[in-house]
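Subject: Structure handover

Hello,

Here is the structure I promised to pass on. Please open it first, then read the notes below.

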Amino acid sequence: MREGPGIRRKLLVVGVSLLALVLCCGLAWWQWERFSSANGTFQNLGYVLQWPLFGLAPAYMFWRLGKLRQREQDRAADESAQEAPPAQPSAEVAGTHGSDEEDDELAAYNRYLARLNQESR
């Protein structure tokens, strides 16, 4: 069976992330040895805590890029689904929506707007 480019890419991402983590943990061990020596400082201890975080950074970056790519694909799918024209309401539903009282208020408001329009000219 033939492997697709997606599987090779995922294996490469995992390999790079693991390599970065192993190298950074090695550097953390080296800084711990420096801290434990006679001339070690608290700066070395700070590096001991930072190096593993640096090693996790590539894995986080690849995870975050995957999430952003998935979000963009979902957004594109939502936009294509929303491009369909909305269903038109039937005349029966539109006619039964309001009452006479609302219609009188709407007519009065429309008259008010028409009067304002005439006064502004």
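How far apart do the end C-alpha atoms of residues 44-63 lie, and how much of the span is helix? The distance is 30 Å, and the span is 100% helix, with 0% strand. Keep in mind that this is a predicted model.

**Annotated spans**

The unreviewed UniProt entry annotates them as "transmembrane region", along with residues 12-32. For residues 12-32, the end C-alpha atoms are 30 Å apart. That span is 100% helix and 0% strand.

**Confidence**

The protein chain has a mean pLDDT of 85. Of its residues, 81% reach 70 or more. Confidence is highest in helix α1, residues 5-36, with a mean of 93. It is lowest in helix α3, residues 91-95, with a mean of 53. Where pLDDT is low, the predicted coordinates should not be read in detail.

**Helix packing**

Helix α2 covers residues 42-82. It packs with α1 at an angle of about 170°, and the two axes are 6 Å apart. An angle over 145 degrees counts as roughly antiparallel, so α1 is roughly antiparallel to α2. What kinds of residues make up the contact of α1 with α2? There are 20 nonpolar residues, four polar and three charged.

Cysteine 25 and tryptophan 51 are 26 residues apart in sequence. In space, their C-alpha atoms are 6.4 Å apart. Cysteine 25 sits in helix α1.

**Cysteines**

How many disulfides does the model hold? The count is zero. A disulfide is a covalent bond between the sulfur atoms of two cysteines. The cut-off used here is 2.5 Å between the sulfur atoms. For cysteine 24, the nearest cysteine sulfur belongs to cysteine 25, 7.3 Å away, and cysteine 24 is in no disulfide. Cysteine 25 is in no disulfide either; its nearest cysteine sulfur is that of cysteine 24, at 7.3 Å.

Is cysteine 24 buried or exposed? Its relative accessibility is 11%, so cysteine 24 counts as buried; the limit for that is under 20%. Cysteine 25 has a relative accessible area of 37%, so it is partly exposed.

Over to you.

Best wishes

Technical notes
Residues numbered from 1 in each chain as written. Predicted model: local features only at pLDDT ≥ 70, side-chain atom pairs only at ≥ 80, totals over all residues. Heavy atoms only, no water. Buried < 20%, exposed > 50% of the residue type's maximum accessible area, 1.4 Å probe, protein only. pLDDT = per-residue confidence, 0-100. Helix = DSSP H or I, 4+ residues; strand = E, 2+ residues; numbered from the N terminus. UniProt positions renumbered as here; feature names shortened; annotations may be inferred. Axes fitted to C-alpha atoms, helices over the stretch in contact; angles between N-to-C directions. Parallel < 35°, antiparallel > 145°, perpendicular 65-115°, else oblique. Nonpolar A, V, L, I, M, F, W, Y, C, P; charged D, E, K, R; others polar.
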